Amino acid sequence: MDVLFEAYVTNLGKYNEGELVGEYLKFPTTTEEVQALFKRIGVDGVRYEEFFLTDFESDIDDLTDYMGEYENIDELNHLACLISELDEGDLEKFKAVLFSGEFSGGVKDLINLAQNLDCYELYPGIDSEEELGRMYLQEFEAIQIPEHLVDYIDYEAYGRDARINEGGSFCPGGYVINNNDSFVERYSGLDDIPDEHRVFSLPKLSIREQMAAYQEVSEKAAAQRGKPVPEPGREDR
C-alpha cells in the first residue's frame, strides 16, 4: 500500500525532560507498526504514556496543512485508508478540492471530503479563464454561436464570468467546481471509524519488560524524592 503521509510521533514525557525522541509513522499503517514504533521511542504505557505529533510530510500538496500535534492516530489512519481507496480520477479531484480550500478545516473535514467527491467536477488541463470560456462555448456549446463569429468572442471574459458565478478554482490539476450535489457528512467522530482502520495500541510488554519498566519508574520517583531504592530480591528478578 502506498504511503500517503507521515507523522513524526514524539515521546511527550521525554520532550518535557529536554530530550527529543521520536520517529516518523507512515500512513496507512497497522497495529503492529504502531506498537513497534511506540516501543522504539519509549512510549510503553509504564515509563511514558503520552505522545504528540511534531511534524507531517506528504506528497499530496496542502494535505498536512490541516493536521495538528494532537491528532488521533486512528483518525489519521482512517483518512489515509479512504484516500488510498480512491481511483486516479477521484484522487486528482481530491487534490484539486484540497487546493481550492473549500472544504478542508481539519482531519474530520478531509475524511468527509474523501467520501463526497461526487459533489465536485474537475476539468483537467483547464488552467485559465480563456480556456474555460472556450470549453464552455466550443465544447459544451453553452451558447449557440454563428460560425462566422467564433473568432470574435471574448472567451476570457466569458470564462471569468463563469468562474465567478460558479465559485470555481484553478488548481494544478485543472479547473474544479462544486456541482451542488448534496454533501453528506458521513463521518462525525471517532465512533464512526471502522474496526479495520483502528490501529492505535501501546506495546505489549513481556513480564520481564514490565518488571524492568516498573523498576525504572520506581528508581526515578525515588531519585526525585532523594531516597534510595532497595534492590529487588533474587526471587523478584
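Please keep in mind that the model is predicted.

Let us start with the chain as a whole. The protein chain has 8 helices and 6 strands, and along the sequence these elements run in the order β-α-β-α-β-α-α-α-β-α-α-β-β-α. Of its 237 residues, 38% are buried. Among contacts with a separation of 6 or more, 67% are between residues 24 or more positions apart.

Two packed helices are described by the angle between their axes and the distance between the axes. Here the helices are H3, covering residues 73–84, and H5, covering residues 107–114; their axes come within 9 Å and cross at roughly 25°. Angles under 35 degrees count as roughly parallel, and H3 and H5 are therefore roughly parallel to each other. The crossing of H3 past H5 is left-handed. On the H3 side the contact is made by Glu75, Leu76, His78, Leu79 and Leu82, and on the H5 side by Val107, Leu110, Ile111 and Ala114. Sorted by class, this contact has 7 nonpolar residues, 1 polar and 1 charged.

Next, follow the chain on to helix H6, residues 129–139. Its buried residues are Glu129, Leu132, Gly133, Met135, Tyr136 and Leu137. What do the buried residues of H6 pack against? Their partners are strand S4 (120–124), helix H7 (155–166), strand S5 (169–171) and strand S6 (174–178). Just after H6, glutamate 141 takes a positive phi of about 50°.

Setting aside neighbours within four places in sequence, glutamate 129 is in contact with Tyr155, Glu156, Gly159, Arg160, Arg163 and Phe170.

Phenylalanine 170 leads us to the aromatic rings. The structure holds 11 aromatic pairs, and one of them joins phenylalanine 170 to tyrosine 175. A pair of aromatic rings is described by the distance of the centres and the angle of the planes. For this pair the centres are 5.2 Å apart and the planes are at 50°, a tilted arrangement. Are the two partners buried or partly exposed? Phenylalanine 170 counts as partly exposed, at 24% relative accessibility, whereas tyrosine 175 is buried, with a relative accessible area of 0%. Both belong to one aromatic cluster, formed by Tyr123, Tyr136, Phe140, Phe170 and Tyr175. Tyr136 is also among the buried residues of H6.

Our last stop is glycine 45, in the loop between helix H2 (31–41) and strand S3 (51–58). With a relative accessible area of 26%, glycine 45 is partly exposed. How far apart in sequence and in space are glycine 45 and leucine 205? The two are 160 residues apart in sequence, and 9.3 Å apart in space from C-alpha to C-alpha.

Conventions
Residues numbered from 1 in each chain as written. Predicted model: local features only at pLDDT ≥ 70, side-chain atom pairs only at ≥ 80, totals over all residues. Heavy atoms only, no water. Axes fitted to C-alpha atoms, helices over the stretch in contact; angles between N-to-C directions. Helix = DSSP H or I, 4+ residues; strand = E, 2+ residues; numbered from the N terminus. Parallel < 35°, antiparallel > 145°, perpendicular 65-115°, else oblique. Left-handed = near helix turned anticlockwise from the far one by under 90°. Contact = heavy atoms within 4.5 Å. Nonpolar A, V, L, I, M, F, W, Y, C, P; charged D, E, K, R; others polar. Phe/Tyr/Trp six-rings, centres within 6.5 Å; stacked < 30°, edge-to-face > 60°. Buried < 20%, exposed > 50% of the residue type's maximum accessible area, 1.4 Å probe, protein only.
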